[in-house]
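Morning, everyone. Please have the sequence and the 3D view open while I talk.

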Amino acid sequence: MIRLTSIVLFLSCLAMGNAFALTLTPVRVAPDVYAFIGDTGMRTADNEGMNANTGFIVTGEGVVVIDSGPTWKVAKEIHRAIKTVTRQPVKIVVNTGDQDHRWLGNGYFKSIGAEIVAARPALADMQTRGEMQLDGLRQTLDKKVVGTRPVYPDRFFDQSETLRLGGQKIQLLYFHGGHTPGDSVVWLPKQNVLFAGDMIYVDRLLGVLPFSSATGWLASFEMMEKLKSKTIIPGHGQVCDLARARRETGDYLRLLILHMQQAVDKGIALQDAIDSLDQSAFSHLINFDLLKGGNASRVYLEIEGQ
Ligand SMILES: [Zn+2]
């Protein structure tokens, strides 16, 4: 009887373990173009650090993956989900930035023979922060990071590169970075679809971090606007249009930069500049209270240092 109870307990623990494993579902945004929409909250053991959007494009000569996810395990889950849509092999992985969820799954995709591509400025940041990013994930995800290590891209592009694969035209564009130094976008001119990586946030407030450049980010955003994308897969939040991206990313960056530029020009001290900044138009966005203070102070310091 005791033995039977232990077996039942053991089996139900296994079942619970499975229930908490991350399962990704491809969302079709255009013919042969899919997105994975991650959590909008922080990294947790349940979301396995996949609190961001990624995606893939199916071509007649293989699949192009946009961002490899935060771990080996999540990368493998991305691949499993891709295989529910196509039998084409993954040929190329683009890292649209150097934040953990954009590239720490590279090792898995490299092990299945994919070539990894990123904008050139991503490399230095990956080399500087890769181990640190992995340590951070280890603290939240514990054993779920098993097998993950920083694996750098095989190849880099400067301003742009066009991938022509199986009838698809896929443009990789680097502007001025933003959230991270190597932020780039994937643009599909025929389908009018933009994978914006961490340069567009909707639903949740964007984060200006110590390695970000808010002024570079706004300049990049203005370049993205010129593409006039009909469908945008933001780095975080639901699939959106350009008007929404402007309201929740472009307008916010502009507010921070204009206010802090004026403050620095007038010689106003950091704390006074933060206190006099009204960010309430963006208070409906997730993580507003968590990030608004840091965003304000980092933009001030960036402009003061210019
Ligand atoms: Zn991100």
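I will start with the whole protein and then visit some single residues.

First, the ground rules. This is a predicted model, so local features need pLDDT of at least 70, side-chain atom pairs count only at pLDDT 80 or more, and totals for chains, interfaces and linings use all residues. Residues are numbered from 1 along each chain as its sequence is written, and side-chain values use heavy atoms, with hydrogens and water left out.

Now the overall picture. The protein has nine helices and 12 strands. Both come from DSSP runs, numbered from the N terminus: helices are H or I with at least four residues, strands are E with at least two.

How does the radius of gyration agree with that of a compact globule? For 306 residues, such a globule would have a value near 19 Å, and the protein has 20 Å, which agrees. The radius is taken over C-alpha atoms, and the globule rule is 2.2 Å times the number of residues to the power 0.38. Along its principal axes, the C-alpha trace spans about 75 × 55 × 35 Å.

Next, burial. Of the 306 residues, 54% count as buried. Buried means under 20% relative accessible area, exposed means over 50%, and partly exposed is in between, with a 1.4 Å probe and protein chains only. The accessible surface comes to about 13,500 Å², and 56% of it belongs to carbon and sulfur atoms. Those areas come from the Shrake-Rupley method with a 1.4 Å probe; for residues, only the protein chains shown count as cover.

Contacts next. A contact means heavy atoms within 4.5 Å. Take contacts between residues at least 6 apart in sequence: 69% of them join residues at least 24 apart.

And charges. There are 32 positive and 32 negative ones, and their mean positions are 8 Å apart. Lys and Arg count as positive, Asp and Glu as negative; His and the chain ends are not counted. Each charge is placed at NZ of Lys, CZ of Arg, CG of Asp or CD of Glu.

On to single residues. Please find H101. It lies in helix α3, residues 100-103. Is H101 buried or exposed? It is buried, because its relative accessible area is 2%. Its side chain makes a polar contact of 3.0 Å with the side chain of N51. A polar contact is a pair of N or O atoms within 3.5 Å; within protein, one must be able to donate a hydrogen and the other to accept it, and residues adjacent in sequence count only if both atoms are side-chain atoms. Leaving aside neighbours within four places in sequence, H101 is in contact with residues including R43, D67, D198 and H236.

Move to N106, in helix α4, residues 106-111. N106 counts as buried because its relative accessibility is 0%. Which side chain does N106 join by a polar contact? That of N95, at 2.9 Å. Beyond four places in sequence, the contacts of N106 include S68, V93, I116 and Y152.

Now V90, in strand β5, residues 90-95. V90 is buried, at 6% relative accessible area. Not counting residues up to four places away, V90 touches V63, V65, H79, I82, F109, I112 and A114. V29 is 61 residues from V90 along the chain, and their C-alpha atoms are separated by 19 Å.

I233 counts as buried, at 2% relative accessibility. Leaving aside neighbours within four places, I233 is in contact with V29, and also with A35, N53 and F195 among others.

The relative accessibility of L256 is 0%. Outside four places in sequence, its contacts are V208, L277, Q279, N295, A296 and V299. D154 is 102 residues away in sequence and 36 Å away in space, C-alpha to C-alpha.

Last, two loop residues. D142 sits between α5 (122-141) and β7 (155-157). Its phi is near 55°, a positive value in a residue other than glycine. D142 is partly exposed, because its relative accessible area is 49%. K228 sits in the loop between α6 (214-226) and β12 (231-236). K228 is not a glycine either, yet has a positive phi of about 50°. At 61% relative accessibility, K228 counts as exposed.
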